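Visitor: I've got a fold open on my screen and I'd like to learn how to read it. Could you take me through it feature by feature?

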Amino acid sequence: MSTKVTRTWTVNGEKKVVEVLPLRRLLDVLREDFGIKGTKEGCGEGECGACTILLDGQPVCSCLIGAGQILDGSEIMTVEGLEKTEGGRILQEAYMEKGAAQCGICIPGMLISSYALLNSVSDPDEALIRKSHAGNLCRCTGYEKIVEAIQLAAERWPTGISNIKHRTLIRHR
Ligand code: FES
Ligand code: FES
């Protein structure tokens, strides 16, 4: 029987302490233990990107990460934290203006990936937009409106709004 570990993280700017089994998925800690339900579960296998969050500035699938793998002091951002940022607001408006969301299941993870991209490269070309969102699957939109929304957000993206580290644009699985 596994022993619980205690972890202290900053989640959406707030300090959170959790006592948890090491293999409990971060997705479940966020949704069930913390009640932060914006992050969605699609496949539960690292394939769809619906559960994407930022871990220390890097987009990752929260369904694949055990709580015990996340170091004390780590910073986690979900879509709830994102919407409090200027970049998050710009992205939400752009997605709405372009009609880029339909059922919405993919959108929290998609927005997180968009934010990570634009904080790293403020004027990405279409190829980079598609590559950096390759891990975010959408069964509704055909992706065109999502790409257009990210391009619109890029036009409005102010420089210097990021205060988080971005080591890579490509999701780690
Ligand atoms: S739920 Fe599909 S990648 Fe995590
Ligand atoms: S809007 Fe339905 S899966 Fe993307």
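Predicted model: local features only at pLDDT ≥ 70, side-chain atom pairs only at ≥ 80, totals over all residues.

Visitor: At what angle do α3 and α4 pack, and how far apart are their axes?

Guide: The general idea is that axes are lines fitted to C-alpha atoms, for helices over the stretch in contact, and angles run from 0 to 180 degrees between N-to-C directions. Helices here are DSSP runs (H or I, at least four residues), strands are E runs of at least two, and both are numbered from the N terminus. In this case α3 and α4 pack at about 120°, with axes 10 Å apart. That makes α3 oblique to α4, given that angles under 35 degrees count as roughly parallel, over 145 as roughly antiparallel, 65 to 115 as roughly perpendicular and the rest as oblique.

As for labels, residues are numbered from 1 along each chain as its sequence is written, while chains are lettered from A and ligands numbered from 1 in the order in which they are written.

Visitor: Is the crossing of α3 and α4 right-handed or left-handed?

Guide: Look at the near helix: if it is turned anticlockwise from the far one by less than a right angle, the crossing is left-handed, and if clockwise, right-handed. The α3 and α4 crossing is right-handed.

Visitor: Which residues of α3 and α4 meet?

Guide: Contact means that the C-beta atoms of two residues, placed from the backbone, lie within 7 Å. By that rule, Gly87, Gly88, Leu91 and Tyr95 of α3 meet Ile107, Leu111, Ser114, Tyr115, Leu118 and Asn119 of α4. Sorted by class, this contact has six nonpolar, four polar and no charged residues. For the classes, Ala, Val, Leu, Ile, Met, Phe, Trp, Tyr, Cys and Pro count as nonpolar, Asp, Glu, Lys and Arg as charged, and the others, Gly among them, as polar.

Visitor: How do α3 and α6 pack?

Guide: Helix α3 (residues 86-97) and helix α6 (residues 144-156) make an angle of about 135°, with their axes 8 Å apart. They are therefore oblique to each other, and α3 passes α6 in a right-handed crossing. On the α3 side you'll find Ile90, Leu91, Ala94, Tyr95 and Glu97, meeting Ala149, Leu152, Ala153 and Arg156 in α6. That contact has seven nonpolar, no polar and two charged residues.

Visitor: And at what angle do α4 and α6 cross?

Guide: Roughly 40°, with the axes coming within 11 Å. So α4 and α6 are oblique to each other, and their crossing is right-handed. Met110, Ser114 and Leu118 in α4 meet Ile146, Ile150, Ala153 and Ala154 in α6. Here the count is six nonpolar, one polar and no charged residues.

Visitor: On to the sheet. What is the order of its strands?

Guide: Two strands pair if DSSP finds at least two bridges between them. This open sheet has five strands in the order β2-β1-β5-β3-β4, with mixed pairing. β2 (14-20) and β4 (58-61) are the edge strands, each with a single partner, so one side of each has no neighbour in the sheet. On average, neighbouring strands are turned by 40° against each other, direction ignored. Helix α4 (residues 107-120) packs on this sheet, touching β3 (52-55) and β4, and its direction makes about 40° with that of β3.

Visitor: How many bridges join β1 to β2?

Guide: Seven, and the two strands run antiparallel. Tryptophan 9 has lysine 16 in β2 as its bridge partner, and threonine 10 stands opposite lysine 15 in β2. Their hairpin has two residues between the strands, and asparagine 12 takes a positive phi near 50° there. On to the other partner: β1 (residues 5-11) runs parallel to β5 (residues 75-77), joined by two bridges. Threonine 10 turns up again, with glutamate 75 as its bridge partner in β5.

Visitor: Which domains does the chain have?

Guide: Domain bounds come from an automatic or database domain assignment, which gives domain 1 (5-78) and domain 2 (85-156). Their C-alpha centres lie 21 Å apart.
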